[in-house]
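Please keep the sequence and the 3D view open as you read.

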Amino acid sequence: MRDTNNETPIVLAYEGLLDGRNWTVKDELIFGRDQDCDVIINDRQVSRQHAQLKVIAPDQFQLCDLNSKNGTYINGILIKQPTLLQDGDEIKIALAQGFLFISSDSTLPLHRKTEEKPIRPKKLLVDEKTRIVWVGEKELAPPLSVSQFDLLNLLYSNENEVVSRDKVVENVWGKDQSAGVTEQAIDALVRRLRDRLLKIDPDHEYIITVRGVGFILRNIHFTDEPELN
């Protein structure tokens, strides 16, 4: 489990077999199918030693492909040479397992440079005034319960940030009732909301659990999914 007082970055798995697990980056991480790897991905698309993430200087982290068969991707782009990682970059190992690179403090926004890319419509939209939710072109119906909407709106307002469990309790149940809210109640609410979103878009996990820390809403754009050659 990650020590939140430690300022080392983390790699957070989403989707795939390792969904929700995370690793600190102190020196290097080797990704691959081999049991000696730091991040073991038991998928035949993944090479035995597939990719390496290492510290090359203070606050500089480099990802390189280890001559894998099916490639390593950063933000949907196949990398051909060692590449520096930026906060919030998405890593795909052979398109079999996704990871988020979260630098320094997991409570900070995952900033991504947007000036180099055109603005594209997001698949998940929340209208706080009307309490209407759209997933893709579809309106979520029937509407979410009050607690489900409050949770989604909180995550949506803090998109690509880790929202702590304490913040979820305070915003959904309120300070007066927070003392009686159990971990099981929080997990059950997140599960129900996640299931509602998956019914409309089963190919994307919008809500990622960071074990021992909180939750991230990972929204995507209509053109975010990489094309397979």
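## How H1 and H2 cross

Helix H1 covers residues 146-157 and helix H2 covers residues 165-172; their axes cross at roughly 130 degrees and come within 9 Å. Helices here are DSSP runs of H or I with at least four residues, strands are runs of E with at least two, and both are numbered from the N terminus. Axes are lines fitted to C-alpha atoms, for helices over the stretch in contact, and angles run from 0 to 180 degrees between N-to-C directions.

On the H1 side, the contact (heavy atoms within 4.5 Å) is made by Ser147, Asp150, Leu151 and Leu154, and on the H2 side by Lys167, Val168, Asn171 and Val172. These residues divide into 4 nonpolar, 2 polar and 2 charged. Ala, Val, Leu, Ile, Met, Phe, Trp, Tyr, Cys and Pro count as nonpolar, Asp, Glu, Lys and Arg as charged, and the others, Gly among them, as polar.

## About the model

This is a predicted model in which local features need pLDDT of at least 70 and side-chain atom pairs count only at pLDDT 80 or more, while totals for chains, interfaces and linings use all residues. Residues are numbered from 1 along each chain as its sequence is written, and side-chain values use heavy atoms, leaving out hydrogens and water.

## H1 meets H3

How do H1 and H3 lie relative to each other? They are roughly perpendicular: the axes of H1 and helix H3 (residues 183-200) cross at roughly 80 degrees and come within 10 Å.

H1 brings Ser147, Gln148, Leu151 and Leu152 to this contact, and H3 brings Leu189, Val190, Arg192, Leu193, Arg196 and Leu197. The residues divide into 6 nonpolar, 2 polar and 2 charged.

## Asp27 in its loop

Look next at Asp27, in the loop between strand S2 (22-24) and strand S3 (28-32). Asp27 has 54% relative accessibility and so counts as exposed (over 50%; buried is under 20% and partly exposed in between, with a 1.4 Å probe and protein chains only).

Leaving aside residues up to four places away in sequence, Asp27 touches Leu53, Lys54 and Val55. Lys54 is 27 residues from Asp27 in sequence, yet their C-alpha atoms are 5.7 Å apart.

## Cysteines

How many disulfides does the structure hold? There are 0 disulfides, a disulfide being a pair of cysteine sulfur atoms within 2.5 Å. Cys37 is buried, at 6% relative accessible area, and Cys64 is buried at 10%.

Key
Parallel < 35°, antiparallel > 145°, perpendicular 65-115°, else oblique.
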